[in-house]
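Hi,

Here is the structure I promised to pass on. Have it open while you read, and my notes follow below.

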Amino acid sequence: MAKKYQGFLDSTEKKIIKDQSLLKFEAIKNEILILPELKALIPPLNTEEFLQLEENIKKDGCREAILIWETKKIKIDSNSPTPHDPVYVLIDGHNRYEICTKFGIDYKIHVVSYESLDQVKDFMIDNQLGRRNITPEQASYLRGLKYNAEKKNRGQYSRETQSGQNVHFDEKGSKKTAQKLAEQYNVNEKTIRRDADYADGIEQLPAELKQDILAGKSIFSKAEIIELGKVKDTPKANDLLNELLIKSSTQNLEKSVEKKRGSPVKEKIISLLKNLETQEDCDEIIKQIKIIKKRMQV
């Protein structure tokens, strides 16, 4: 991971502010700003991964620098018409920053320069897609975000031709966004378009549900999320969203009730075991166990 991060720094050397010795790093650390819309681009670690990272940092310190974007393009004071002082936005190392802050562990920072928030998002998405521990759902979401952003903010790509290459172009002679990204991430165009719908669907959900989906904790199927994305900005979207929210609330209620009272099937097995006397009792226990097994396989 350290080599990979160093490689990133080398490739973006021109973006790193050269005279780091002039920066008051300790002062910057006290002014680091976390933007929710950027933090949302970081797929959540599962509990085991986070605890392992925490132990590693507590034992060996924070080996990798935290990446900070210095900008005057973001306003902190809503009463000010234009920002004047630099703002220091965290763009890579959210988990490391959280752990170091919690335990008072020192960390290094690198300050980089980007022209816009869109450029920062583009970097963050590419950076996350390059990580090894990313799940298929997280990769799909990030590819979808990239597709939607490029379609909205950048339009079509410039023509890139190779002898004998079968390339599809739009009416302006530019390579289609879906094809360009499909080639970049080694998937097909249909996958990229499904990813776009998947990302649109996730973006319509409350933050807590969104994090559950990306962490693999949601009961929703990918098809349900894609369907929600397809009807974005239509009356049907509200109906589908309400169905998903009701489904989620029902599941949470069932979990809460079961946690308090215990599963009826489990309680029945416990009761049978306490009063085990006949062959019929044994047969009934086996029947109830099969019911539990069947539910676990669904």
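In H8, the buried residues are Thr 177, Ala 178, Gln 179, Lys 180, Leu 181, Ala 182 and Tyr 185. "Buried" means under 20% relative accessible area, while exposed is over 50% and partly exposed lies in between (1.4 Å probe, protein chains only). So helix H8, residues 177-185, is mostly covered, with seven of its nine residues buried. Helices here are DSSP runs of H or I with at least four residues, strands are runs of E with at least two, and both are numbered from the N terminus. Just after H8, Asn 186 has a positive phi of about 60°.

Before going on, a word on where this comes from. It's a predicted model, so local features need pLDDT of at least 70 and side-chain atom pairs count only at pLDDT 80 or more, while totals for chains, interfaces and linings use all residues. Residues are numbered from 1 along each chain as its sequence is written, and side-chain values use heavy atoms, leaving out hydrogens and water.

Now the overall picture. The protein chain has 14 helices and four strands, and 39% of its 298 residues count as buried. Of the contacts with a separation of 6 or more, 63% are between residues 24 or more positions apart; contact means heavy atoms within 4.5 Å.

How do H8 and H9 pack? Their angle is about 105°, with the axes 8 Å apart. Axes are lines fitted to C-alpha atoms, for helices over the stretch in contact, and angles run from 0 to 180 degrees between N-to-C directions. That makes H8 roughly perpendicular to H9 (65 to 115 degrees; under 35 is roughly parallel, over 145 roughly antiparallel and the rest oblique). Ala 178, Gln 179, Leu 181 and Ala 182 of H8 make the contact with Glu 189, Ile 192 and Arg 193 of H9.

On its other partner, H9 (residues 189-203) packs with H10 (residues 207-214) at about 140°, with axes 9 Å apart. H9 and H10 are therefore oblique to each other. Tyr 198, Ile 202 and Glu 203 in H9 meet Lys 210, Ile 213 and Leu 214 in H10.

Ser 140 is found in helix H7, residues 136-153, and counts as buried because its relative accessibility is 0%. Leaving out residues up to four places away in sequence, Ser 140 touches Asp 195, Tyr 198 and Lys 222. Asp 200 sits in H9 and is buried too, with a relative accessible area of 16%. Its side chain joins that of Asn 148 through a polar contact of 3.3 Å. A polar contact is a pair of N or O atoms within 3.5 Å; within protein, one must be able to donate a hydrogen and the other to accept it, and residues adjacent in sequence count only if both atoms are side-chain atoms.

Last, the cores. A nonpolar core is a set of buried Ala, Val, Leu, Ile, Met, Phe, Trp, Tyr and Cys residues joined through side-chain atoms within 4.5 Å. The largest one has 45 residues, and Leu 205 is among those that touch the most other members. Beyond neighbours within four places in sequence, Leu 205 is in contact with Ile 213, Ile 225, Leu 228, Leu 241 and Leu 244. A second, separate core of 16 residues includes Phe 50 and Cys 100.

Cheers
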